[in-house]
Each structure stands twice: as C-alpha cells, then as structure tokens.
Amino acid sequence: MTNDNPEFALTSVGSQAARPVLTGAAASGRLDGVLFALTVRQTYRNTGNQSLEVVYTFPLPSQAVLLGFASELNGHRMDGRVVSKQDAECTYERALTDGNAPVLLEALADGLHTANIGNLEPGDEIVLEVQFAQLLVFEHGRLRLSIPATIAPRYGHAESSGLQPQQVPAVSAAAYPLALSVLVTGSLAAGAVECPTHRFSRQLLADGLRLDLLPGAWLDRDAVITVTPANGRPSLLVKAHDLRSISAPVVMMASFQPPVSAPRDGIALKLLVDCSGSMGGDSIQSACTALRQVVAGLTGRDRISLSRFGTGVDHLLAPSVCSPATVRQLARLIDTVDADLGGTEMEQALRAVFALDNAGPAGADVLLITDGEIWQARELVAAAKACAHRVFVIGVGASPAEGVLRALAEATGGACEFATPGEALQAAAQRMLRRIRQQPWQQVRVDWGTTTAWQGAAPTAVFGGDTVLAFAGLRSSLDAAPVRLLASDAHGRTTEIARAESSAGCPGDSLPRMAAAHRAATAIGPASLALALDYQLMGSQTHCILVHPRADADKATEQAEIHRVLSILAAGWAVSSTVIAPMTRPYSICEDSFASPAVWRSARARAAGKVAALDNDGLNQIGLPAYLGENDLDPVVTSLRALALAVVDHLRHGGQVEGLAAHCASPPLHPDVRQALAHEQGTVVDPGFAMLALAHWVAIRGMAVDLHAAVATLQPHLSGVHAALLARWMALFDDLLGRCVSASGSTSRRQRSGGLLSRAET
C-alpha cells in the first residue's frame, strides 16, 4: 500500500518482519495492611539491524502513585527524575539528536502511561523499572488488589483524552509473558487469600504468605488478588514524617470503617447494561449474572427499570413497581440481553436513563454494568455530575477501564466495584445493592481534633462496610484526641459515624508522597506543579526523564525508526476468547494477525503528525453486530464466502494484493457486497486492499468455510496494516453488510451450536 505523501508510508510486511522488542514483564509486590507497593520491570531487546525509538503505552492502577523510575541499558543503571513536561521533552529531543539513549515516561489519563525509549541500537537490551504504591480500601470486609496488564480497545477518539497518535494503544496477538510475585504480610496472611484470574503457588514465610504466578501467564488480563482477613479491620491512624515540608512536618492518614446505616424503605433503581460489541462473550455473561442477582434482591417497595445501550439506547422495561409479575418479566428480558448494539455511546445512554421518570421519595439511582472501554471520559463524567442521580458501577471483563469508571462513580456520589471473569458476580451485586439501600450521609467531613496545616478533600460519598481514607498535614504530632468522621443525617443533625484512635507509624517517604499526590489532584496551576516537583510526582504537568550517555564511538548516527509496541488483546474481549474457565495462553480468533508492529520512519518531533494521518478510532469502533448467521442459502453470505475463497486462493498461490481486484472480478457478487466494496475502494489507493479487508471481515465474523486456513493465508498481508485503519474497514463492513446478513434469519450467538468460537477451538 502506498501513500502520495513522501514523508509517510504504511508498508505491508510479510511474516519475516521483526518481532516486537518487548520480551516480557516481571513484577514483585508487597501488601502491608492497606498499602500495596509494586515494582514492575519491562525488558526490551532490539534484535534487528535498525536503530529504534520505542513507544509503549501501558496501564498502572488509576489510584497508584509512581514512586520511582529507572532503566538499565546493557546492565548500566540510571535513575529518572520528575521535571516539567517542557524540560523533559527538550532533554529527550536533545539526547536523541546527540546520539545518546534517552528514556521518557509520560503519565496520561486514567492510569495510562507511555514509555519512550530513544536510540535503542541493534543488540541493545534495556530494562525499564517502575515502582508505585497505592492505598487499598476494604469493601464489606475484603481487600481487592488489581494489577492491570493490558489496555483493551476503547470506543471513540483517543485524542479527546489528550493522547498523541503514537501514544494510542493498539492491539496484537503477540505473547508477552508475565512473572509476578506478591508477599501478603501480617495478619492478612492468615486470612482467605485468593486469585480468581491466575494460577499461583503459595509459600508461607516468616514475614507472610508469598504468592508466585505459575509459568504460562501473559500480559492479557488484570491480575486480581482478594484478601478477606480472619478478623474485622478497625479504624486506624497512620503517621509519617514529611522531611520536605517545614509548615507540616507530620502527615496523618485516617482509615475509617463506618458501620452500615439504616436501610431506606424502598429504592428507585435504573438498571443500565452495556451491550456494545466489546462486551461480547465473558463480559456480557458476567453482566447478566449481576443483573439476575440484583433482581433477586429487590422487594415490592422498590421501583425498577431496565435499559441497555450500544450505539443507541434500548429501554427494555419502563419504570415499574417491582411486583412478582415485574420480576418474572425482568428475568425473561435478561435472558435476551446480548452484546449486539455496536459502539459504546455511554454518555448518550446515561442521559436517556436519567430522563426516565422513576423517582422515589429520595430520588433515583443508576446501576451501570459495563467494561468502561471509552475514550470520552471527561465529557461523560461532567454530564453525569450535572444530573441529580448517583451512578453505581460494576466493572466487568478481564481488563476494564478502572480510571474511567471510578471517576464516574465518585463524581456522582455513587460507588464502583469490579468483578473480573472468575470472581463471584453474585457477591459483587449483593454488595452494591447494600450500598444503594443505605441512607446517604450528607456533608461528610473529618474532625482531626487539632489545627491542621492542610486537609485532603472530603469524601464525596460514605457507605457502611467500605473504608474511608483521609489525609492531613500537621505542625506537630497529634496528641491523644481521636480523629472523627462526621456527617449530617436526613434531619440535618451532625453525628459521628466513625473514629480512629489507635495509631501506627509508617517509615520512609511513601505516605507523604501519596498524600501530596492526593493534594496535587485537586490543586490547580502553579500549586499543583510545585507539589509535583517537590515530591517527584508524575502528573499532567510533569514527565520523568533520564539519559544514558553513550561513548562517541557508540553514539547513534542513523535516524531511528519509531517502533510502537502493541498490547495483547485483552482476554475475552468481544468474543475473541473466553476466560470464564481460566486460561494460561491467550487465544484470539485472529491469532498473530497483527503480530508485526507498524513502523514509521521519523523523528519523535514529527511522529505525531505522521501517525495522525491514520484513523485512530480504535478496534472498539468495530462495534460487533448481532452474530452473523450461517444460512448457506442466504445469497449475501454465499457471495461473501465466494469472494473470501477467491482472495485466499489468489494469495495462497503466490498472488499479490495489488492483483486481487482483477482476480476477484469473476465471482458473482451480491449487490450489497459490491456496494460495500465500491464504497471502501474510494478510500484507499489500491482497491486490492478493500478485497483483502473484506476477506478478513468474512473470516473474523465466522463465515469462512475454513477459519484457520483463511486467517493463516491473510495474516502475512495484514500484519503491517495499522490496527486502527483496519478497524475502520471492519466498522464500515459491519455497517454496510452486518444488517443485511443479520436480517437474513441469523440467530444470536447464544442460540447457535456451531458458531465462530466452537469452530475456532476445534
């Protein structure tokens, strides 16, 4: 495929292309009470013969605070330093030009980070080391620790979240191994410790219980560990010395455990379930399980509605009193729910549900069940915050967008919980329903019992059974006075809902830096930047930079090729695989279809503009339609199969993509197929690529007669095509052909006994 712009070329490469430079990741962590610290080491190796500039966007927990960054180039270690964005980028560009090896780490929205490795020469090996910590909270007696590993495709435009084109995550079927070890210390080690996502070995040590991930794990799903202590956790004060502050040398963290408040007489609940394409398979099964459990917990004093959304909104049940007849109707409706509504227009769906008249005495709440895979998060949160509804969220899937969903729930006074495939969805739904039924507390605040130099932002919502964390800076150590969590009840009376009296020390600077990160998140302008620089925090105004100097004889002399490291497609995403029964190897219906990364020849300063020439909608723009039928008598399906067979036959016998248009002119094509090809051929230089893309669409939609043979033949010709560009083609074919195929009498995936997944697993 060629491009008239001489500064940019997208090249189709064969199976001999270089493999991705990321060779895997290893992580080791420690859980001390509610403090979790993790060190992640990513190894990159340039086995090719070209100098590379490596770009990799990867996730960290949305609530994590980066505490350290370093890299080891061929065994030589350098530590990074947090500076302003402008200074970091200037240092990076200068080092790149001088032939040295700079490394730049950028913090994006919602826990995403981008590592930029400049001038990675042939034969070089570099290890990036990221250290972070986060504070966990007890949710009705248990701790849930989630370590993200990949970024599932998201719906919408990544640029709306501030990403540059080369930072936009793209997916691959490449296999990056993961090694993980976590030490659970203290009394938590004696509790119930489980890992629903992976197989672990357990070893009891003098200082706790160590969990080690068994070999065969990959960076294709979040690693989740849950801990339920044998005894309840009391409210607690934690104290640390802040050596960076003169005005507030003592930092206090209060961990409150409020009791469950009195239940409301009845609730008005609006159920909203994501039925977009990305929810196919595991996620939609999890969503239906959660819905059934919620319905089972309703009473005759409640009001309920049920809506589902994708590209549009479908109100399945209007607001109704929760009578036995309504419960039976809900059960039947939930059985019909499937991931067949295309894209993920979440803001539009929330607005439509907010508008439903389902208000009870205390107003209505929304329970949203979704994977959260969207880019337009800021607009979504702003729109939801403006409405008088609390939004409660259950995040499902192997790699949900944690940052997006937490921001939505917190902004509206709701709560957020996650349940990956393998976890008990029923228990998650029960916990969420208990939160919704509680009488909400108003004007929640913390009484520290003394004058404070600063206080963290007050919690937006408090639910009995969940941990509430608060920070403050003091001029001197707190005396014996207790720290109290106060709130106003329904009658406006101030009441104490929890107190923290026993205290414990926290050595080191982790707690002061984490407290500073909480303050920086709500500060604006110069104050936020000053906190970030003083406490070495990554944020919207800072980057982390380091430079490996090279000897004159070893300096890079050639312009580096930008090499974007692709992520593994999240396990279970959009029916690409299943992890309901835990797997040790990711499986994708288009295994290795994008194994070779797209390569752009440019310097960093020009990369963004060149990559922007591509459509960056992302794979979730595919918006899987209702599963396509297999009626051999259907003329559209027959025509599509004939075209795919002609494409595969031509390529299998040595033909080139450029000759596909002529070779495939003979099969009698259905008018709808010809319309799709004519539409798409107007958007590419070579019409042969439209034929190639359509054949690929036929294969991944389950209509190819021999799926494995088709994918194996098409793969070498697709491996160099940018994932977002291919996604645009797939979305177009879904739009032009999906409806006419579905209208021919196709059945849902759930009703089919010999569908795409069963053939692929044969």
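**Exercise 1. Give the strand order of the open sheet of 8 strands, and find its edges.**

Step 1. The order reads S5-S4-S9-S2-S1-S13-S16-S15, with mixed pairing. Strands are DSSP runs of E, at least two residues long, numbered from the N terminus. Two strands pair if DSSP finds at least two bridges between them.

Step 2. S5 (76-79) and S15 (200-205) each have a single partner strand, so one side of each lacks a neighbour in the sheet. These two strands are the edges.

Step 3. From one strand to the next, the twist averages 15°.

This is a predicted model: local features need pLDDT of at least 70, side-chain atom pairs count only at pLDDT 80 or more, and totals for chains, interfaces and linings use all residues. Residues are numbered from 1 along each chain as its sequence is written, and side-chain values use heavy atoms, leaving out hydrogens and water.

**Exercise 2. How do strands S1 and S2 run, and how many bridges join them?**

Step 1. S1 (residues 22-32) and S2 (residues 35-45) run antiparallel, joined by 10 bridges.

Step 2. Leucine 35 in S2 stands opposite aspartate 32.

**Exercise 3. Describe how helix H5 meets helix H6.**

Step 1. The axes of H5 (residues 377-385) and H6 (residues 402-412) come within 9 Å and cross at roughly 20°. Axes are lines fitted to C-alpha atoms, for helices over the stretch in contact; angles run from 0 to 180 degrees between N-to-C directions.

Step 2. H5 is therefore roughly parallel to H6 (angles under 35 degrees count as such).

Step 3. By class, their contact (heavy atoms within 4.5 Å) has 8 nonpolar, 1 polar and 1 charged residues.

Definitions and conventions: Helices (H or I, at least four residues) and strands (E, at least two) are DSSP runs, numbered from the N terminus. Angles under 35 degrees count as roughly parallel, over 145 as roughly antiparallel, 65 to 115 as roughly perpendicular and the rest as oblique. Ala, Val, Leu, Ile, Met, Phe, Trp, Tyr, Cys and Pro count as nonpolar, Asp, Glu, Lys and Arg as charged, and the others, Gly among them, as polar.
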